[in-house]
Amino acid sequence: MAIENPTHDLQLRAKQELQHESTRPGLVFRPDVDILEKPDAYVIYADLPGVDEKTVQVRLENDLLTLDASLATLPGEGWNSVHSEYRVGGYHREFRVSDTIDSAAVAASMRDGVLELRLPKVERKRPRTIEVRSS
Amino acid sequence: MAPYTLFRPWGSGSSFDDLRREMDALFRQYGSGTLPSARGAFPAVNLYETADAYVLTAELPGVRPEEIHIGLEGQVVTLHGERRIEYPADEKTSVHRIERQSGVFRRAFELPVGIDADKVEAVHRNGVLMLHLPKAPEHRPRQISVQGG
């Protein structure tokens, strides 16, 4: 199964602003994500345009995975806005993870504003093949 | 490929008073200070003006710099490219959620004044495209020094 549709025209979807993040200054948006499962890990891809990987925070507490990021790319000084179609801010999203994740082995990387989060399952949760040998 | 739809955020007149009036009307209409883009076109862009340049920014996460094509013809800037998202087609991968879209995009913008085409710079960093469009020399502010008699 390939997830691919190259001839499709991209449609703009407005960024979803989170309303309840009153403890932090500035706007906070809910990033779009794709979630895949492999035999040994979950993989989450999150669109975080304008974010530098140094500001990304991933926390795993019990079964709650929290993703936070703040904005690195801001308008420069002395730039007067003459036309505005999107707003900028940080990002926040929470996920419930059903399987047990090996929290020490969670790995994150970023490329072109997309976060790739790899959440390895703990060893015992992986399907195992047990060989039966005849003696 | 469908043709570009030329987008003139400042309306048909070139005067900034017209622009301001239209912006004000739109702000009143939508309240948020953010305009809807032309027919939901992707990507959304912001345009800023400095004394000697325009700066256009667009959020294009997951698009490689080499997949963004920028053109400039007169006062019209065109932007097109493709956002590819492909996941391995094997039975060991199950997909739980797909929110990120893939597809092609194209947009065109008419700037209020001519641009110094040789000095245009484009940077794609952290998934944000930033186009620096210096105004043609005749549209830049000029300081005229006054000489004593």
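Which residues does B:Tyr54 touch, not counting residues up to four places away in sequence? The legends below begin with the surroundings of this residue. The structure is a predicted model, in which local features need pLDDT of at least 70, side-chain atom pairs count only at pLDDT 80 or more, and totals for chains, interfaces and linings use all residues. Residues are numbered from 1 along each chain as its sequence is written, while chains are lettered from A and ligands numbered from 1 in the order in which they are written.

**View 1. Surroundings of B:Tyr54 in the largest nonpolar core.** B:Tyr54 touches B:Leu47, B:Tyr48, B:Glu49, B:Leu111 and B:Leu133 (contact: C-beta atoms, placed from the backbone, within 7 Å). The core has 20 residues, of which B:Tyr54, B:Leu56, B:Ala58, B:Val77 and B:Leu133 touch the most other members. A nonpolar core is a set of buried Ala, Val, Leu, Ile, Met, Phe, Trp, Tyr and Cys residues joined through C-beta atoms within 7 Å; a residue is buried if 20 or more other C-beta atoms lie within 10 Å of its own. At least two residues of this core come from each of β2 (45-49), β3 (53-59), β5 (76-83) and β9 (128-134) of chain B. The most, five residues, come from β3(B). Strands here are DSSP runs (E, at least two residues), numbered from the N terminus.

**View 2. A second, separate core.** This core comprises 19 residues, including A:Val28, A:Ala46, A:Leu65 and A:Tyr91. Of the 135 residues of chain A, 25% count as buried. Chain A has zero helices and 10 strands.

**View 3. The open sheet formed by strands of chains A and B.** Five strands, in the order β9(A)-β10(A)-β4(A)-β3(A)-β6(B), are paired in antiparallel fashion; two strands pair if DSSP finds at least two bridges between them. The edge strands, β9 (107-111) of chain A and β6 (94-98) of chain B, each pair on one side only. Five bridges join β9(A) to β10 (residues 114-120) of chain A, where A:Arg118 is the bridge partner of A:Ala107. Between β3(A) and β6(B) there are four bridges, and A:Ile35 has B:Arg97 as its bridge partner in β6(B).

**View 4. The side of chain A that touches chain B.** Here 42 residues of chain A are in contact with 46 residues of chain B. The elements of chain A that give two or more residues to this side are β3 (33-37), β4 (41-47) and β7 (80-84).

Notes:
A residue is buried if 20 or more other C-beta atoms lie within 10 Å of its own, exposed if 12 or fewer, and partly exposed in between; C-beta atoms are placed from the backbone. Two residues are in contact if their C-beta atoms, placed from the backbone, lie within 7 Å.
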